[in-house]
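I opened this model to look up its fold, its surface and its charged side chains. My entries follow the order in which I looked.

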Amino acid sequence: MHIFAVFNLKPGVSEADYLDWARSTDIPTVNALPSIASFRVFRTTGVMGSDAKPPFGYIEVLDVADMAQFEKDVSTAAMGEVAAAFNNMVEVTFLTTEEVAA
């Protein structure tokens, strides 16, 4: 399963502070979880074919190899601290997905 988190930074949170935290804590911690095949964070750069501002500043893509294990992984105290820090910095929507295949 892929989970997409789309979010903007909360007012007063600097991009530099968020990126420092993401690079030093969030990305390595989540990628180390047994349930995660890959975790990547993207900063949006535009709306294709438009000068409009993207509705979200960032997108996280979690490739979850094992949902049962993921639920265990995210219920640990360490991940609780990571989640709390993340939620203090961002306004986020998490989207679960299933692939549409031919």
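The entries below go from the overall layout to one pair of side chains.

I note at the outset that this is a predicted model, in which local features need pLDDT of at least 70, side-chain atom pairs count only at pLDDT 80 or more, and totals for chains, interfaces and linings use all residues. Residues are numbered from 1 along each chain as its sequence is written, and side-chain values use heavy atoms, with hydrogens and water left out.

I looked up the elements, taken as DSSP runs (helices H or I of at least four residues, strands E of at least two) and numbered from the N terminus. I found three helices and four strands, in the order β-α-β-β-α-α-β from the N terminus on. The C-alpha trace spans about 40 × 40 × 20 Å along its principal axes.

I then took contacts (heavy atoms within 4.5 Å): of those between residues at least 6 apart in sequence, 72% join residues at least 24 apart. Of the 102 residues, 27% are buried, meaning under 20% relative accessible area, with exposed over 50% and partly exposed in between (1.4 Å probe, protein chains only).

Last, I searched for salt bridges (a side-chain nitrogen of Lys or Arg within 4 Å of a carboxyl oxygen of Asp or Glu), and the count came to one. This salt bridge joins the side chains of E15 and R43 at 3.2 Å, N to O. I placed E15 in helix α1 (residues 15-31) and R43 in strand β2 (residues 36-43), 28 residues apart, so the pair links distant parts of the chain. E15 counts as partly exposed at 37% relative accessibility, and R43 counts as partly exposed at 45%.
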